[in-house]
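Trainee: I have a new structure open and would like to walk through it. Can we take it piece by piece?
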Amino acid sequence: MQLKDSVIIVTGGGQGLGRAMAEYLAGRGARLALVDLDQQRLDEAVAACKSAGGDARSYICNVANEDQVSNMVSQVAGDFGTINGLINNAGILRDGLLLKVRDGEIQKMPLNQWQSVIDVNLTGVFLCTREVAAKMVELQSKGLIINISSISRAGNMGQSNYSAAKAGVAAMTVVWAKELARYGIRVAGIAPGFIETEMTASMKPEALEKMTAGIPLRRMGKPEEIAHSAAYLFENDYYSGRILELDGGLRL
Ligand code: NAP
């Protein structure tokens, strides 16, 4: 698939990995629909994509809200005339242990802490993929859907919610690659390790240091390195149903 003039939706495109992937793809001539929650952040990301050489527009949309996702996809199709790709990148962290025992008292992870991550990181991916795939079939356009999973899909301490969602995302990648191939839609995943973004900057410095020491390449990944892989997945028409692991050799 050619990136030039392809229309690609990037959720969570206002900052971090989403913005880095959008800018990189814009530099290859793609036309970007950036989806996020904050207009100012989106305006900056749109400007960055345009100066990288691609067209871009912004859409405020909560990926966990069915009506908002459906409206956003219709708007993108109306604005650009087609859709050739989606990167399911929007995600949140709400880390915590399943149980903590303090002074003999058991503290449990609250249900809303579990649910908020499942809503965005798992249900959001389902909703965006369902709506985009349906629109692509309707418009008879072919292309690629990329799901951003994580090294944490293997099961990371303190991340019941996040690990469950990212494992689900990896499994859905395989399911949808099988189901959507007949419509000319490939589905692939990227499982980043620890990458330098606002999300990891919010982790405790001690935790970050400990994590970096365990990475065989002894450093965190850069957002551009994830973006480079996303471009590869778009351009390689035989890549589908698999998760590309980009983690510097780290195993949890
Ligand atoms: P980030 O810097 O926090 O960016 C995520 C973006 O998604 C933010 O702009 C965020 O907005 C937006 N977002 C959150 N909830 C949303 C929703 N319901 N609807 C629409 N947009 C929403 O995170 P990142 O580090 O770039 O991570 C991007 C993806 O890569 C995530 O799926 C993450 O799990 C995954 N990942 C990251 C790493 C890493 O090391 N950075 C490693 C493995 C996987 P707000 O800031 O307003 O919430």
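Mentor: We will go through the sheet, the helices on it, and a few single residues. This is a predicted model, where local features need pLDDT of at least 70, side-chain atom pairs count only at pLDDT 80 or more, and totals for chains, interfaces and linings use all residues. Residues are numbered from 1 along each chain as its sequence is written, and side-chain values use heavy atoms, with hydrogens and water left out.

Trainee: OK, what is the order of the strands in the open sheet?
Mentor: The order is β3-β2-β1-β4-β7-β8-β9, seven strands with parallel pairing. Strands here are DSSP runs of E with at least two residues, helices are runs of H or I with at least four, and both are numbered from the N terminus. Two strands pair if DSSP finds at least two bridges between them.

Trainee: Which ones are the edge strands?
Mentor: β3 (56-60) and β9 (243-246), each of which pairs on one side only. From one strand to the next, the twist averages 20 degrees.

Trainee: How many bridges do β8 and β9 have?
Mentor: Four, in the parallel sense, with β8 covering residues 185-192. Ile 190 stands opposite Leu 244 in β9.

Trainee: And which strands does helix α2 touch?
Mentor: Helix α2 (residues 39-52) packs on the sheet and touches β2 (31-36) and β3. Contact means heavy atoms within 4.5 Å. The direction of α2 makes about 165 degrees with that of β3. For such angles, axes are lines fitted to C-alpha atoms, for helices over the stretch in contact, and the range is 0 to 180 degrees between N-to-C directions.

Trainee: What about helix α3?
Mentor: Helix α3 (residues 66-80) also packs on the sheet, touching β1 (7-11), β2 and β3, and makes about 160 degrees with the direction of β3.

Trainee: New topic. Where is Asp 103?
Mentor: In the loop between β5 (99-102) and β6 (105-108). Most residues other than glycine have a negative phi.

Trainee: Is Asp 103 buried or exposed?
Mentor: Asp 103 counts as exposed because its relative accessibility is 84%. Buried means under 20% relative accessible area, exposed over 50%, and partly exposed in between, using a 1.4 Å probe and protein chains only.

Trainee: What is the phi of Arg 218?
Mentor: Near 60 degrees, again positive in a residue other than glycine. Arg 218 is in the loop between α7 (205-213) and α8 (223-235), and at 57% relative accessibility it counts as exposed.

Trainee: Last one: which helix holds Leu 111?
Mentor: Helix α4, residues 111-139. Leu 111 is exposed, at 64% relative accessible area. Leu 111 and Asn 161 are 50 residues apart in sequence and 9.9 Å apart in space, C-alpha to C-alpha.
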